[in-house]
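The tour goes from the whole chain to single residues.

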Amino acid sequence: MTDIELADAIQSVRDQLLDAATRATGQPVTFEVGDIQMEFTIELRKEVKGGAKVKAWVVEAGADAARTTGHTHKIAFTLKPRSAATGGPWKVGNEHLGSTDDFGTGPAD
């Protein structure tokens, strides 16, 4: 089994949103990122090294029934992405206005 910390799972979503924004550079269309709903089945484990603390680990889909019975918890939450620079809604895309001049035009005769 590959252990994935809940924080790493959320970081992966953040990284992919940043990747989407990078890929959108130079594109004429922007998208405002709406609420992101996430749901995980997690296993809580106490980590002894470095001081006792509890960590949440995402349980792999299809984990065996013996492991998931009574030791896991389902959590669901909503993330609302905000721009760190402005505090406003986060957008994926380019800040320059696009043009629709070439939309719907057929091949030149």
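What percentage of the contacts in the protein chain with a separation of 6 or more is accounted for by residues 24 or more positions apart? The share is 69%, where contact means heavy atoms within 4.5 Å.

Before selecting anything, note that this is a predicted model, in which local features need pLDDT of at least 70 and side-chain atom pairs count only at pLDDT 80 or more, while totals for chains, interfaces and linings use all residues. Residues are numbered from 1 along each chain as its sequence is written, and side-chain values use heavy atoms, with hydrogens and water left out.

**Whole chain**

Show the cartoon. The protein chain has two helices and six strands, in the order β-α-β-β-β-α-β-β from the N terminus on. Helices (H or I, at least four residues) and strands (E, at least two) are DSSP runs, numbered from the N terminus.

Switch to a surface. The accessible surface of the protein chain is about 8,300 Å², and carbon and sulfur atoms hold 53% of that; areas come from the Shrake-Rupley method with a 1.4 Å probe, and for residues only the protein chains shown count as cover. Of the 109 residues in the protein chain, 21% are buried. Buried means under 20% relative accessible area, exposed over 50%, and partly exposed in between (1.4 Å probe, protein chains only).

**The sheet**

Select E1, E4, E3 and E5. In that order the four strands form an open sheet with antiparallel pairing; two strands count as paired if DSSP finds at least two bridges between them. E1 and E5 stand at the edges with a single partner strand each, so one side of each has no neighbour in the sheet.

- E1 (residues 4-5) and E4 (residues 53-58) are antiparallel and share two bridges. Glu 5 is opposite Trp 57 in E4.
- E3 (residues 36-47) and E4 are antiparallel, with six bridges. Arg 45 has Lys 55 in E4 as its bridge partner.
- E3 and E5 run antiparallel, joined by eight bridges. Glu 43 is opposite Thr 72 in E5, and Ile 42 is opposite His 73 in E5.

**Helix H1**

Select residues 6-23. The 18 residues of H1, at 1.5 Å a residue, should span 26 Å, and its end C-alpha atoms are 26 Å apart, which agrees. The expected span is 1.5 Å times one less than the number of residues.

Which residues of H1 are buried? They are Leu 6, Ala 9 and Ala 21. Because these cover an arc of only 130 degrees around the axis, they are on the same side of H1; the arc is that of the directions from the helix axis to the C-beta atoms. Turn the view to the face away from the buried side, where the exposed residues Ala 7, Thr 22 and Arg 23 are found.

**The nonpolar core**

Now show side chains at Leu 6, Val 33, Phe 40, Val 58, Trp 90 and Val 92. These have the most contacts inside the largest nonpolar core, which has 13 residues. A nonpolar core is a set of buried Ala, Val, Leu, Ile, Met, Phe, Trp, Tyr and Cys residues joined through side-chain atoms within 4.5 Å. H1, E3 and E4 are the elements that give two or more residues to this core, and E3 has the largest share, four residues.

Centre on Val 92. Leaving out residues up to four places away in sequence, Val 92 touches Leu 17, Ala 20, Ala 21, Ala 24, Val 29, Thr 30, Phe 31 and Val 33.

Select Arg 14, in helix H1. Arg 14 is partly exposed, at a relative accessible area of 44%. Finish at Arg 82, in the loop between E5 and E6. Arg 82 is partly exposed, with a relative accessible area of 44%. Not counting residues up to four places away in sequence, Arg 82 touches Gly 87, Gly 88, Pro 89 and Trp 90. The C-alpha atoms of Arg 82 and Val 33, 49 residues apart along the chain, are 8.7 Å from each other.
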